[in-house]
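Visitor: Good morning. May we go through this structure together, one topic at a time?
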Amino acid sequence: MHSVNPLLKLESVSRDFDVSRPWLNRVIEREPRRLLRAVDGVSFEITKGETLALVGESGCGKSTVARLIVGLHAPTEGRLEFHGRRMQMIFQDPYASLNPRWRVRKIIAEPMMVLDTKKDVGELLRQVGLSPDDAERYPHEFSGGQRQRISIARALAGEPDLLICDEPTSALDVSVQAQILNLMAELQERLGLTYVFISHNLAVVSLIADRVGVMYLGRLVEIASAKDLFSRPRHPYTRMLIDALPDLDMSGRSRTPVAGEVPNPLAPPPGCAFHPRCPHANERCRVERPEFLNGVACHAVDEGRI
Amino acid sequence: MILEVEHLKVQFPTRRGTLTAVDDISFAIAPGEVLGVVGESGAGKSITGMAVIGLLDPPGRIAGGEVRLEGKRIDNLPHEALRRIRGRRIGVIFQDPLTSLNPLYTIGQQLEETILTHLDLSPRAARERALSLLREVGIPAPEARYGNYPHHFSGGMRQRVVIALALAAEPRLLIADEPTTALDVSIQAQIIALLKRLAAERGAAVMLITHDMGVIAETAHRVAVMYAGRIAEIGPVRDVIHAPRHPYTVGLMGSIPKVGSHQSRLMQIEGAMPRLNAIPPGCAFNPRCPKRFERCVLERPALLDAGTSRAACWLHALS
């Protein structure tokens, strides 16, 4: 898991956002500044050619990690190392991420002008399952799935080593999602791409990921190979997420509804952030924040209680 | 049967001609039964729901067929009569709880108002009933939350309040349009369990509209799979999921990723659902169908018996 030459390495990366009220309000109402720690001490490595998925519920910080990796945000603490040449990002909403006034040719050619790479737009379109003739059309002429193919072609135009995909199929219908996931797997095989795949959908992640990191309230709580994570989840939160999966095979397994909800990230619980919802929490969990040891951050696992 | 829909047709007149969004669909829901209506975006599932409750956005209109609630036709009622029925005998739950709640009133006021409008109760009894509804949908400490505004609640709790509102007048029919789509997985399971229990306890009929087969598998008794404004297949959930009879359902089930399946590629349906102005003649699925033959291109299939289900596919025609 810890290779000698990781393509990407994050070392205790944190990111705060200032969510204070406007200055005048603060002065009049004597309020202090308020900081929201969206990502809190996250470390992991990615090896070339693998797919690392980050999963978690909304607000867990997984998208902020994606933005930190590509440099859309700077880390407040910690460091990131990238040992490749280029990275590109694919966004969730294919309607918002393509310029509606540009023809597809221009959209795909833009990264090549900036990065000075030379690729044939028609060939890129063919690679993602579109026709070279589509280059002369505008984004509104395409369906959601086709637009996501255009986003992928645009990302490939920059000849990236690393692709950061933030919920790339969440806005798509299942049959279209299947087409895009198959396409991404095929491109990875053919071009040796490395993916960071951000998703809230565990079933999608189990299909596409080699390794999976689970996040909760800005912290990485568990990281393991996809096989191990889904067959032997260790952290109580991971277990909870897997138990909450819908039973599509109708095996009669009732899914266990989880008690409680994600706490307010402005005031995360002390100790282990998951303790208010955790069935295994004890006094230590309430006061002492668990360290990330051997792929999991949990006192109960560390003490051998579960 | 609580709800009967027969040969329903919904059309949208546009400048470039009339679009048929729902094309001749029929189904019925019995007391205590949950019928799942599943399909991809644009399949017509939400429009079917809106047509049933008479809330189609103009210029959309019912162009044919009948909708009957407990045996009485409701699709031709005047606006005001239908409005009373909607509050009293039909409860509606939408995807986004914020659109169903008024941000300027406390949840207690909203519940009381709904109860007083539809039931003949004293204000005091209405408050009692509102509190017991909140308790029933799992709002902790309802007395303390009674005076809170919608923005004080989290997404999952808001959806519980909306469910309480929908149930306030003891409706016979509950229409839930993507009730869990905006929620996180862990909250989804809670809401699904709640809907299922309430429908069973009250003997109400539930029409559950969703794109999520997982939600259907856990909640519904029967499922109707929609494609391009038509029902492709309808039958008991277990049979539709384990032994789909329509090639579209087969492809749809195959394209859903499953944890623990150890597959590296998903089954894939080529192409996309046709737009409403370009629905092909014959079977609407025929250009994408791996099992297409001559008849599929020429003649539209009706729902034909296929095992315990019914599928609109010529493969099931008795030759």
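This is a predicted model: local features need pLDDT of at least 70, side-chain atom pairs count only at pLDDT 80 or more; totals for chains, interfaces and linings use all residues.

Visitor: Which strand does Glu66(B) lie in?
Guide: Glu66(B) belongs to strand β4 of chain B, which covers residues 61-69.

Visitor: And is Glu66(B) buried, exposed or partly exposed?
Guide: Glu66(B) counts as partly exposed, because 15 C-beta neighbours lie inside 10 Å. A buried residue would need 20 or more, and an exposed one 12 or fewer.

Visitor: How far apart are Glu66(B) and Lys258(B)?
Guide: In space they are 39 Å apart, C-alpha to C-alpha, and in sequence they are 192 residues apart.

Visitor: Let us turn to chain A. What is the order of strands in the open sheet?
Guide: The six strands run in the order β5-β6-β7-β3-β8-β9 (chain A), and the pairing is mixed. β5 (87-90) and β9 (219-225) of chain A stand at the edges with a single partner strand each, so one side of each has no neighbour in the sheet.

Visitor: In which sense do β5(A) and β6 pair?
Guide: They pair in the parallel sense, over four bridges, with β6 of chain A formed by residues 162-166. Within this pair, Ile90(A) stands opposite Cys165(A) of β6(A).

Visitor: Now the contact between the chains: how many residues does each one give?
Guide: Chain A gives 31 residues and chain B gives 34. On the side of chain A that touches chain B, α6(A) gives the most, with eight residues. That side divides into 19 nonpolar, seven polar and five charged residues.

Terms used. Residues are numbered from 1 along each chain as its sequence is written. Chains are lettered from A and ligands numbered from 1 in the order in which they are written. Two strands pair if DSSP finds at least two bridges between them. Helices (H or I, at least four residues) and strands (E, at least two) are DSSP runs, numbered from the N terminus. Two residues are in contact if their C-beta atoms, placed from the backbone, lie within 7 Å. Ala, Val, Leu, Ile, Met, Phe, Trp, Tyr, Cys and Pro count as nonpolar, Asp, Glu, Lys and Arg as charged, and the others, Gly among them, as polar.
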